[in-house]
Amino acid sequence: MFFSLAAVEVGEHFYWNIAGFTVHGQVLLVTWLVIAIILTVAVLGTSNLEQVPKGLQNFVESVYEYTADIAKDQIGEYEYRPWVPLVGTLFLFVFVANWLGALVPWKLITLPEGELAAPTNDINTTVALALIVSISYFYAGFKAKGLGFFARYISPTPIFLPLNILEDFTKPLSLSFRLFGNVLADEIVVAVLCFLVPVFVPLPVMVLGIFASSVQALVFSTLTAAYICESIE
Amino acid sequence: MNPIIASASVVGAGLAVGLAAIGPGVGQGSAAAQAVEGIARQPEAEGKIRSTLLLAFAFMESLTIYGLVISLLLLFANPFTS
C-alpha cells in the first residue's frame, strides 16, 4: 500500500495524439490543474478590492509583494516594474507545480500508462520555461540597448567571444536541468526509501522535498531576474 | 540490449552521481563553515546569513543534480540501446 503510493515511473508516459503531435497527457492534465488553481486564487483575491484588505485579498497582496521583491532585489528599484509579471508567474507556476506534486497522493488516480505527478518532473516543461526565460532576456536587452546589446559578446575583450556565445546555451540548459533534476530526484529518493522502509523513515525526506521544491521555485525566479538584469544594465 | 553497453551504462551512471557529488560537498562544507563563523561573530545577522546560505546551497546542489540527470539519462533513456 505505502509502496504503491510512492512508487515512481520514469520514462513512461500517457501519450495523447493531438493533430499529429504526440504529447505527454499526464503532464498536461496537472499543468491545467496548476493554471486553474493560480487563476482561481488570483481572480477571487482581486475581484472584490477593498481599501483595507482582508482574507484572500490580504494573502494575494502578500504574494504579490514577495514576488515583486524577488524582481526588485535583482533588477533594481527603477527597472524592475515591467518584469514583475514574468518573474511572479514563473515563481508561482513552479511553486504550485512542485507542491502539488509533493502534497497530493496522485497514485490514488490510476492512468492507463504513466502516472500523474508534478509537471516539472518532465524535462519538456522545464525546457519550455527555460526557453521563455532566454527569449525574455534577449528581448529585454534589445529593448534597452538596441543593437548595442551585441557589444556584451566582446566584453571585456574579444577573446571572450566563444565563451559569451556558449553562455547563452548553458543558461537555459542549466536552468531546465536544475529544476527537472531536483524535482525528479526528490520523487526517486522518496520512492526508494518507501521501498526499503515503508513507515515513518521517508517522512523527513518528504518534508525536505517540500522545502527543497519551494527553494527551487525561488532559485528559478531569482535567476530569471538576474539574467534580465545582466542584459539590461 | 548489448551487455557491454548495459554494464558500461550502469557503471557510468554510478560514477556520474558519485564524482559530481565531490565538488559541491567540499563547497557546501566551506560555505557552511564560513556561515557559522559569521553567525558566531554577529548573531543578529543570523536570518540574513541563513537565507543567503540556503540560496547558495541550492546553486551548489544543482551541480550534483546535473550528474544525476546524466545518470537518469543513462539508466532510463539510453540513446545507445536501440
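How many helices and strands does the secondary structure of chain A come to? In this predicted model, chain A has seven helices and two strands. Read along the sequence, these elements are arranged in the pattern α-β-β-α-α-α-α-α-α. The C-alpha trace of chain A spans about 60 × 55 × 40 Å along its principal axes. Of the 233 residues in chain A, 29% are buried. Among contacts in chain A between residues at least 6 apart in sequence, 69% join residues at least 24 apart.

The largest nonpolar core comprises 43 residues. Within this core, A:Phe91, A:Val94 and A:Phe220 have the most contacts. At least two residues each are supplied by H2, helix H3 (56–75), H4, helix H5 (123–145), H6 and H7 of chain A, and also by helix H2 (46–76) of chain B. The greatest contribution to the core, nine residues, is that of H4(A). For A:Phe91, neighbours within four places in sequence being left aside, the contacts are with A:Thr67, A:Ile70, A:Ala217 and A:Ser221.

Two helix pairs of chain A were examined for their packing. In the pair formed by helix H2 (residues 25–47) and helix H4 (residues 84–103) of chain A, the angle is about 120 degrees and the axes are 10 Å apart. Angles of 65 to 115 degrees count as roughly perpendicular and those over 145 as roughly antiparallel; H2(A) and H4(A) are therefore oblique to each other. The crossing of H2(A) past H4(A) is right-handed. On the H2(A) side the contact is made by A:Val30, A:Leu33, A:Val34, A:Ile37 and A:Ile38, and on the H4(A) side by A:Leu92, A:Phe93, A:Val96, A:Ala97 and A:Leu100. By class, this contact of H2(A) with H4(A) has ten nonpolar residues, with no polar and no charged ones.

In the second pair, H3(A) and H7(A) pack at an angle of about 35 degrees, and their axes are 8 Å apart. H3(A) likewise passes H7(A) in a right-handed crossing. Residues A:Ile70, A:Ala71, A:Gln74 and A:Ile75 of H3(A) make the contact with A:Ser221, A:Thr222, A:Ala225, A:Ala226, A:Ile228 and A:Cys229 of H7(A). The residues of the contact between H3(A) and H7(A) divide into seven nonpolar and three polar, with no charged residue. A:Ile70 and A:Ser221, which belong to this contact, are also among the residues in contact with A:Phe91.

Helix H3 of chain A also contains A:Gln57. With 17 other C-beta atoms within 10 Å, A:Gln57 is partly exposed, because a residue counts as buried at 20 or more such atoms and as exposed at 12 or fewer. Apart from neighbours within four places in sequence, A:Gln57 is in contact with A:Gly45, A:Leu49 and A:Glu50. The C-alpha atoms of A:Gln57 and A:Ala225 are separated by 26 Å, the two residues being 168 residues apart along the chain.

The contact between the chains takes 13 residues from chain A and eleven residues from chain B. On the side of chain A that touches chain B, helix H6 (161–196) and helix H7 (202–232) each supply at least two residues. H6(A) provides the largest share of this side, eight residues. By class, the residues of the side of chain A that touches chain B are seven nonpolar, five polar and one charged.

Conventions. Residues are numbered from 1 along each chain as its sequence is written. Chains are lettered from A and ligands numbered from 1 in the order in which they are written. This is a predicted model: local features need pLDDT of at least 70, side-chain atom pairs count only at pLDDT 80 or more; totals for chains, interfaces and linings use all residues. Two residues are in contact if their C-beta atoms, placed from the backbone, lie within 7 Å. Helices (H or I, at least four residues) and strands (E, at least two) are DSSP runs, numbered from the N terminus. Ala, Val, Leu, Ile, Met, Phe, Trp, Tyr, Cys and Pro count as nonpolar, Asp, Glu, Lys and Arg as charged, and the others, Gly among them, as polar. Axes are lines fitted to C-alpha atoms, for helices over the stretch in contact, and angles run from 0 to 180 degrees between N-to-C directions. Angles under 35 degrees count as roughly parallel, over 145 as roughly antiparallel, 65 to 115 as roughly perpendicular and the rest as oblique. A crossing is left-handed if the near helix is turned anticlockwise from the far one by less than a right angle, and right-handed if clockwise. A nonpolar core is a set of buried Ala, Val, Leu, Ile, Met, Phe, Trp, Tyr and Cys residues joined through C-beta atoms within 7 Å.
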